[in-house]
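This report describes selected places in one protein structure. Please look at the sequence and the model before reading on.

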Amino acid sequence: AQQARQLLAIIPTGASVAASTQLVPPLARREVLVRFPQSITYLDRQGRTLPVDWVAVDLERLRRYAPAFAEDGEVLRRSRERLGEIGSSYGIRALREGVVVLQRGATDLPGSRQALNQLLRASDRD
């Protein structure tokens, strides 16, 4: 939890975020916070659909609990798919101990895309 909070600290306070369920509490005071992988978009006050600025996912927690809880296994599967769909639209800004934080329109930190792909492959085998 401490590691995740440190990674989440890079997300600006006013930024919109899509986060996996276990990362929602430390982000909860934001104006725009949606659950990942269900969504990476939101409706603004004018009714426009907009992409979130940041995405935060705890893949390690999902991977760890997937064998015991079918819902976590399904969320892990959908998270892998969604991360594949967003591709390079979101750059990896932090990746540590299975928690990944991505920013829309940013470039990946060096080596982070390979590390994420390795993490996703490992979670696919579990």
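The model is a predicted one, and residues are numbered from 1 along each chain.

**Two loop residues**

Ser16 lies in the loop that runs between α1 (2-8) and β1 (17-19). Gly98 lies in the loop between β6 (90-96) and β7 (99-104). The table sets out their accessibility.

| Residue | Relative accessible area | Class |
|---|---|---|
| Ser16 | 3% | buried |
| Gly98 | 9% | buried |

Ser16 counts as buried because its relative accessible area of 3% falls under 20%. The side chain of Ser16 reaches the backbone nitrogen of Asp53 at 2.8 Å. Asp53 is also among the residues in contact with Ser16 when neighbours within four places in sequence are left aside; the others are Val32, Tyr42, Pro51, Val52 and Trp54.

With neighbours within four places in sequence again set aside, Gly98 is in contact with Val57, Asp58, Leu59, Glu60 and Leu119. The C-alpha atoms of Gly98 and Leu116 are separated by 8.5 Å, and these two residues are 18 residues apart along the chain.

**Helix α3**

Helix α3 covers residues 70-86 and has 17 residues. From its first C-alpha to its last, α3 reaches 24 Å, close to the 24 Å expected at 1.5 Å a residue. Which residues of α3 are buried? They are Asp72, Val75, Leu76, Ser79, Arg80, Arg82, Leu83 and Ile86. An α-helix has 3.6 residues a turn, so residues three or four places apart point the same way. After α3 comes Gly87, with a positive phi near 45 degrees.

Methods
Predicted model: local features only at pLDDT ≥ 70, side-chain atom pairs only at ≥ 80, totals over all residues. Heavy atoms only, no water. Helix = DSSP H or I, 4+ residues; strand = E, 2+ residues; numbered from the N terminus. Buried < 20%, exposed > 50% of the residue type's maximum accessible area, 1.4 Å probe, protein only. Polar contact = N/O pair within 3.5 Å; in protein donor to acceptor, adjacent residues only side chain to side chain. Contact = heavy atoms within 4.5 Å. Expected span 1.5 Å × (residues − 1).
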